[in-house]
Amino acid sequence: MSDDTLSNSSVILEAKALTRRFGGLVAVNNISFTVNKYEIFGLIGPNGAGKTTLFNLITGLIPPSSGQLTYQNQEISQLRPHQIAALGIARTFQNIRLFGELSALENVIIARHLHTHSNMFTGVLGVAPAPAEERKSKQKAWELLELVGLQERTEEKARNFAYGDQRRLEIARALALEPQVLLLDEPAAGMNPSEKQQLSEFIRNLRDLFHLTVILIEHHVPLVMGLCDRIAVLDFGQLIALGEPTAVKNNPAVIEAYLGTE
């Protein structure tokens with residue numbers, strides 16, 4: 001990201017004293033942070049630190065026990081997932097959630113429904129605006145599949161894709177929502193070093209092409225350190241560090257809890 005872009009950044013997402021309890025377990029404990037527009041923001045920490053729970057809070061899959069989430073100055077803490085998606089927040093999942101029996105193209109088209117005005121009756125009867133919107137959705141879906149390198153496999157069922165291709169398909173489906181904030185949950189899982197490098201470049205390109213803010217959970221520390229503008233570190237549900245990669249990497253609390261001394 002250029003210095004000019006950074007200097008013009010403003011807060012797009014803010015968490016204030018965000019807490020989520022599951023019975024006696026505090027999965028996210030009084031966390032506060034901001035994410036700036038066009039930033040690539042990393043979220044790291046040991047297994048069970050609360051990272052995916054935080055993603056679930058941001059996307060409305062679960063409500064906070066207390067605290068507040070604000071997106072572009074609008075509180076979203078109690079909104080449903082489809083309402084948050086409609087506002088411009090999309091995500092992928094650690095455990096891929098594609099429609100396995102549908103084609104790659106159909107998987108992406110389904111995600112376009114938030115940007116169409118047709119209903120069941122106009123679609124069945126084939127009256128305007130259904131045909132025009134169907135053509136637009138199909139074209140947009142094809143363009144996104146081309147972007148992620150799957151243009152030759154648009155009609156294949158998603159369940160037949162290799163793991164890495166399913167990851168790319170899931171990203172294409174998230175982009176079909178036309179988000180302003182894209183959350184990626186362990187996008188490099190199962191990738192070799194070369195694929196991880198390609199993924200870093202791909203995420204940067206996505207940010208620049210679509211003017212996105214990207215928030216990602218990732219266990220591969222070198223990828224996060226080389227890709228992210230800022231990094232937040234969670235441990236046992238608490239935010240123990242927040243800052244630029246070099247500062248986080250050298251933070252004694254982070255070294256002790258996560259990185260180790262090697």
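The legends below describe close-up views of a predicted model.

Local features are given where pLDDT is at least 70, side-chain atom pairs count only at pLDDT 80 or more, and totals for chains, interfaces and linings use all residues. Residues are numbered from 1 along each chain as its sequence is written, and side-chain values use heavy atoms, with hydrogens and water left out.

**View 1. The protein chain as a whole.** The protein chain holds 11 helices and 10 strands. Helices (H or I, at least four residues) and strands (E, at least two) are DSSP runs, numbered from the N terminus. Of the 262 residues, 46% are buried, that is, under 20% relative accessible area with a 1.4 Å probe, protein chains only. Among contacts with a separation of 6 or more, 67% are between residues 24 or more positions apart; contact means heavy atoms within 4.5 Å.

**View 2. The open sheet of four strands.** The strand order is E2-E1-E4-E5, with antiparallel pairing; two strands pair if DSSP finds at least two bridges between them. E2 and strand E5 (74–75) are the edge strands, each pairing on one side only. Eight bridges link strand E1 (residues 11–22) to strand E2 (residues 25–36) in the antiparallel sense, and glutamate 14 stands opposite threonine 34 in E2. Two residues lie between the strands in the hairpin of E1 and E2, where glycine 23 has a positive phi near 65°. E1 is also joined to strand E4 (residues 66–71) by five bridges, again antiparallel, and alanine 15 has leucine 69 of E4 as its bridge partner.

**View 3. Helix H2 on the four-stranded sheet.** Helix H2 (residues 51–58) lies across E1, E2 and E4 and runs at about 115° to E1. Axes are lines fitted to C-alpha atoms, for helices over the stretch in contact, and angles run from 0 to 180 degrees between N-to-C directions.

**View 4. The open sheet of six strands.** Here the order is E6-E7-E8-E3-E9-E10, and the pairing is mixed. Strand E7 (residues 181–185) pairs in the parallel sense with strand E8 (residues 213–217) over five bridges. Leucine 183 has isoleucine 215 in E8 as its bridge partner. Helix H7 lies across E6 and E7, at about 160° to E7.

**View 5. The packing of helix H4 with helix H7.** The axes of H4 (residues 104–111) and H7 (residues 163–175) come within 7 Å and cross at roughly 30°. The two helices are therefore roughly parallel to each other, a term for angles under 35 degrees. H4 passes H7 in a right-handed crossing, in which the near helix is turned clockwise from the far one by less than a right angle. H4 contributes Ala104, Asn107, Val108 and Ala111 to the contact, and H7 contributes Leu169, Ala172 and Arg173. These residues of the contact of H4 with H7 divide into five nonpolar, one polar and one charged. Ala, Val, Leu, Ile, Met, Phe, Trp, Tyr, Cys and Pro count as nonpolar, Asp, Glu, Lys and Arg as charged, and the others, Gly among them, as polar.

**View 6. The surroundings of phenylalanine 93.** Phenylalanine 93 sits in the loop between strand E6 (89–91) and H4. Its relative accessibility is 14%, so phenylalanine 93 counts as buried. Leaving aside residues up to four places away in sequence, phenylalanine 93 touches Leu61, Arg167, Glu170 and Asp185. The C-alpha atoms of phenylalanine 93 and isoleucine 217 are separated by 10.0 Å, with the two residues 124 apart along the chain.

Definitions and conventions: Angles under 35 degrees count as roughly parallel, over 145 as roughly antiparallel, 65 to 115 as roughly perpendicular and the rest as oblique. Buried means under 20% relative accessible area, exposed over 50%, partly exposed in between (1.4 Å probe, protein chains only).
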